[in-house]
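Work through these exercises with the structure open beside you. Try each task before you read its solution.

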Amino acid sequence: MLKWLAKRADATRKAENLYGAVVAQAREPAFYVDFGINDTLEGRYELIVLHMFLVLEKLREAFPGDTRWSRILIERFVTDMDDCMRELGVGDMTVPKRVKGAAAGLYGRAQRYREASGLGQDALAVALSEFICAEPTPEFRAQELAAYVLEAARGLKEIDPEDMLAGILKLPDPNGFVERKELS
């Protein structure tokens, strides 16, 4: 009789594991040090959204016509955004509006990244620049980040969907994409 509850709990646990893996990858120091992404709330949000896009694309491919896993993962993302805003002291009356904006940002960026990915690395670098570093800085490495994203997408195509739902992403190490300049 309560099988649906156990199924929901299992799905929630899998979404938690998968979202945890997304956040862990987005927090890799190389993104902030080597790629020149600002280590700010906005920069962290953008990297979480970027990795959510990659995972959502894999879910779309792995489960065609079945949006259940994508929906549950997005629900986890929205819950995290809500929790973060409350921890930051955003007023209770403002939180829903800001969370809605964060979710809309995820959808808008995912659509833009999907379109750009199909056009190649240069187009993807432009799309990444639009969101991740709207104010271009010499430190931001858009081409290298685009190469990372395309490599990550290729790697996710090869992963077993059940492994991914267990939180195993096997994304590339971001450390090897930017040539480091030697300090003199």
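**Exercise 1: The largest pocket**

Helix 3 gives the most to the lining of the largest pocket, with six residues. This is a predicted model, in which local features need pLDDT of at least 70 and side-chain atom pairs count only at pLDDT 80 or more, while totals for chains, interfaces and linings use all residues. Residues are numbered from 1 along each chain as its sequence is written, and side-chain values use heavy atoms, with hydrogens and water left out.

Task: describe the volume and the lining of the largest pocket.

Solution. 

Step 1. Helices (H or I, at least four residues) are DSSP runs, numbered from the N terminus. A pocket is an open set of points on a 1 Å grid over the protein atoms alone, where a 1.4 Å probe fits, with protein on both sides within 12 Å along at least five of seven lines. Lining residues have an atom within 4 Å of a point.

Step 2. Take the volume, the space filled by probe spheres set on the points, with grid points joined across faces, edges and corners. For the largest pocket it is about 580 Å³.

Step 3. Find the lining. It has 21 residues. L41, E42, Y45, M81 and C84 lie nearest the centre of the pocket.

Step 4. Trace the helices. Helix 1 (3-26), helix 3 (41-62), helix 4 and helix 5 (95-117) each supply at least two lining residues.

Step 5. Sort by class. Ala, Val, Leu, Ile, Met, Phe, Trp, Tyr, Cys and Pro count as nonpolar, Asp, Glu, Lys and Arg as charged, and the others, Gly among them, as polar. The lining has eleven nonpolar, two polar and eight charged residues.

**Exercise 2: The second largest pocket**

Task: find the volume of the second largest pocket and the residues closest to its centre.

Solution. 

Step 1. The second largest pocket holds about 270 Å³ of space.

Step 2. Its lining counts 14 residues, and F53, E57, E61, A153 and K157 are the closest to its centre.

Step 3. Helix 3, helix 5 and helix 7 give two or more residues each to this lining. Helix 3 gives the most, with six residues.

Step 4. By class, the lining splits into five nonpolar, two polar and seven charged residues.

**Exercise 3: Helix lengths**

Solution. 

Step 1. Look at burial: buried means under 20% relative accessible area, exposed over 50%, partly exposed in between (1.4 Å probe, protein chains only). Buried residues of helix 4 include W69, I72, F77 and M85. In helix 7, L145, Y148 and L156 are among the buried residues.

Step 2. Look past helix 4. G89 follows, with a positive phi near 90°.

**Exercise 4: Cysteines**

Task: are C84 and C133 buried or partly exposed, and how many disulfides are counted?

Solution. 

Step 1. C84 has 32% relative accessibility, so it counts as partly exposed.

Step 2. C133 is buried, because its relative accessible area is 7%.

Step 3. A disulfide is a pair of cysteine sulfur atoms within 2.5 Å. By this rule the count is zero.

**Exercise 5: Around the segment after helix 8**

Task: what does the side chain of Q25 reach, and what is the phi of K170?

Solution. 

Step 1. Q25 is in helix 1. Its relative accessible area is 12%, so Q25 is buried.

Step 2. The side chain of Q25 reaches the backbone oxygen of P172 at 3.2 Å.

Step 3. P172 lies in the segment after helix 8. P172 is buried too, with a relative accessible area of 16%.

Step 4. K170 is found in the segment after helix 8 (161-165). At 59% relative accessible area, K170 is exposed.

Step 5. Most residues other than glycine have a negative phi. K170 has a positive phi, near 55°.

How values were computed. Polar contact = N/O pair within 3.5 Å; in protein donor to acceptor, adjacent residues only side chain to side chain.
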